[in-house]
Amino acid sequence: MSKRTKGKIGYLAAKIDMAKAYDRVEWHFLEGVMRKMGFDERWIRIVMLCVTTVSYSVLVNGHKSETFAPGRGIRQGDPLSPYLFLLCAEGLSAYTSQAIQQGRLHGFKPAQGAPVISHLFFADDSIFFTRATVPASLMLKGILRDYEKESGQQVSFQKSDVSFSKNVSHHRRLEIGGILGMKVVEKHNKYLGLGTVAGRSKKELFGDIVERIKKKLKGWKEKTLSVAAREVLIRSVAEAQLNYAMSVFRVPEGVIDEVQSLITRFWWGQRGEERKAHWINRDRLVMPKEMGGMGLRELRGLNTAFLAKQLWGLLNQPESLIARILRAKYHKNDSILNAELGYRPSFV
């Protein structure tokens, strides 16, 4: 969309924020969606028993109140709840797909020969693509309102925002932003915790992740921790912060070096600007324990392994959405192993 500078047809991307998504699910809507999707009646009955037989009590000044039953909602944190919420999101997906099929809404095609994308959902993180016209924005607003009415969900329009392709005029942007009731932005800074657009400095894309790791390490009192405890915290928290980003992007060398330096200093008990002796080098720390090392992760190799796993998925699932998009854009008549970057490729 950022490259679309010419042409009469412009596009918008609306990133939607749901307010207290899990708490607002209407039980009758969840039941209706399962029935519409063809679940067996016995299965529906079991699921609804799990949802509707919940009871709560609260502590008031240290005393437990009487139990009471909720009227709607699913418990966030319950292992079953994310799957039930996805079923509810299927209702919104169906509303949108129906509008696309009827020609009342138009998605965005990333490249010639690529599938049209109208919406992307991950639990309650939603982003919609359509033409930047008044009728299309009114239709999108109507779909969201209908979904709110039926499901009990509530879109937080104040926290939602909308961006546009370059060929949409400033006046049209403000007009559509007013119709949708959303903030107009130049680009969506993040989606699912990752930056959406990489500029010339790729390090900026990972700045938040590095800062999170710094805060985590500063918050731990390493002098009071045993070596085993330090190892657990490094492996389960500090190193894990980069995992998701490494499965999508080739992380710049400078970012990996900075994270590994932070982890190494924490391992040897260094605080602030003080210097502590590093009794063995980093290469020994990342060696497996059976070979005399400490078994910490070597992040460059891990990054490559994560990306190889993605490549394996693209090779084995050629009809998945991401595989079809990348094929249309980068390797129309050849294997992805021989793909060329072409002009202004995405950072992915």
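**A tour from the sheet to the helices**

Select Leu12 to begin: Leu12 stands opposite Phe164 in β6. The model is predicted, so local features need pLDDT of at least 70 and side-chain atom pairs count only at pLDDT 80 or more, while totals for chains, interfaces and linings use all residues. Residues are numbered from 1 along each chain as its sequence is written, and side-chain values use heavy atoms, with hydrogens and water left out.

**The sheet**

Strands (E, at least two residues) and helices (H or I, at least four) are DSSP runs, numbered from the N terminus. β1 pairs with β6 in the antiparallel sense over 4 bridges; two strands pair if DSSP finds at least two bridges between them. In β1, 5 of the 7 residues are buried, so the strand is largely enclosed by the rest of the structure. Buried means under 20% relative accessible area, exposed over 50%, and partly exposed in between, using a 1.4 Å probe and protein chains only.

Select β6, residues 161-164, together with β7: they run parallel and are joined by 2 bridges. Val162 has Val184 as its bridge partner in β7.

**A helix across the sheet**

Axes are lines fitted to C-alpha atoms, for helices over the stretch in contact, and angles run from 0 to 180 degrees between N-to-C directions.

**Two packed helices**

Move to α7 (residues 227-238) and α9 (residues 253-267), which pack at an angle of about 160 degrees with their axes 10 Å apart. That makes α7 roughly antiparallel to α9 (angles over 145 degrees; under 35 is roughly parallel, 65 to 115 roughly perpendicular and the rest oblique). To see the contact (heavy atoms within 4.5 Å), select Val227, Arg230, Glu231, Ile234 and Ala238 of α7 with Ile263, Phe266 and Trp267 of α9.

**Last stop**

Finish at Asn243, in helix α8 (residues 243-246). Which residues does Asn243 touch, not counting those up to four places away in sequence? Select Arg297, Leu302 and Phe306.
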